[in-house]
Amino acid sequence: GEGATSEVFAAYDKNLRRHVAIKLFKKLDRGGVSATLKERSLVDARAAAGVSHPNIVTIYDAGSFGEGIAIVMELIKDSLRKLLDRVPQLPLDTALAIGAQVADGLRCLHASGIVHRDIKPSNILLAPGNLAKIGDFGLAHLPMSDLTRTGTVIGTPRYMSPEQAQGQTL
């Protein structure tokens, strides 16, 4: 998969004998990944790794290599976006089940002081059995983080809350 700032690859961890996803952050300039993007990638990894919940993607490792940054996480090949592309209208029971799981994951994040700020279908990963897992924490607001402070308007406009679009406290 590919987003604005990263690419995600399927890989195999030979040591632990499991399939994983590796998120590599794109080099936005000739000198490598920008300092802001490096910090945001660590926010991404720390936010998800800092909580343990069945509806939040599991982070296995994160770090730098040369001029790049990578996050190693559980491999989940499907997303709500892909499901909606295949089936434009979900059965009510499926929609409610996915929504309840996302809400439970968000409850856990909010209890930890984390506000995701980019909940959208492509960031809701679907493991087998439609187990919903929140992923991509690159825009998350973490407690005690200067990078994602209140008043910063970032995210996907179509999915922002009015408070987020106006730079208000979330």
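Mentor: A polar contact here is a pair of N or O atoms within 3.5 Å, and within protein one of them must be able to donate a hydrogen and the other to accept it. Keep in mind that the model is predicted.

The part to look at is His-116, which lies in the loop between H3 and strand E6 (124–127). The side chain of His-116 reaches the backbone oxygen of Asp-136 at 2.9 Å. The backbone oxygen of Gly-135 is also reached by the His-116 side chain, at 2.9 Å. The relative accessible area of His-116 is 2%, and the residue counts as buried because the cut-off is under 20%. Leaving aside residues up to four places away in sequence, His-116 touches Gly-135 and Asp-136 themselves, together with Leu-106, Asn-123, Ile-134, Phe-137, Leu-139 and Ala-140.

Ile-134 leads on to Val-102. With residues up to four places away in sequence again left out, Val-102 touches Ile-134, Ala-132 and Ile-124. Val-102 belongs to helix H3 (residues 92–111) and is buried, at a relative accessible area of 12%. Between Val-102 and Ile-56 there are 8.6 Å in space, C-alpha to C-alpha, although the pair is 46 residues apart in sequence.

Now the wider setting. The protein has four helices and seven strands, arranged along the sequence as β-β-α-β-β-β-α-α-β-β-α. Four of the strands form an open sheet, ordered E1-E2-E4-E3, with antiparallel pairing. E1 pairs with strand E2 (residues 18–25) over eight bridges, in the antiparallel sense. Tyr-12 stands opposite His-19 in E2.

Finally, the totals. Of the 170 residues in the protein, 39% are buried, and His-116 and Val-102 are among the buried residues. Among contacts between residues at least 6 apart in sequence, 56% join residues at least 24 apart. The protein exposes about 9,700 Å², of which carbon and sulfur atoms supply 55%.

Technical notes: Residues numbered from 1 in each chain as written. Predicted model: local features only at pLDDT ≥ 70, side-chain atom pairs only at ≥ 80, totals over all residues. Heavy atoms only, no water. Pairing = 2+ DSSP bridges. Helix = DSSP H or I, 4+ residues; strand = E, 2+ residues; numbered from the N terminus. Buried < 20%, exposed > 50% of the residue type's maximum accessible area, 1.4 Å probe, protein only. Contact = heavy atoms within 4.5 Å. Areas by Shrake-Rupley, 256 points an atom, 1.4 Å probe, with all protein chains shown as cover.
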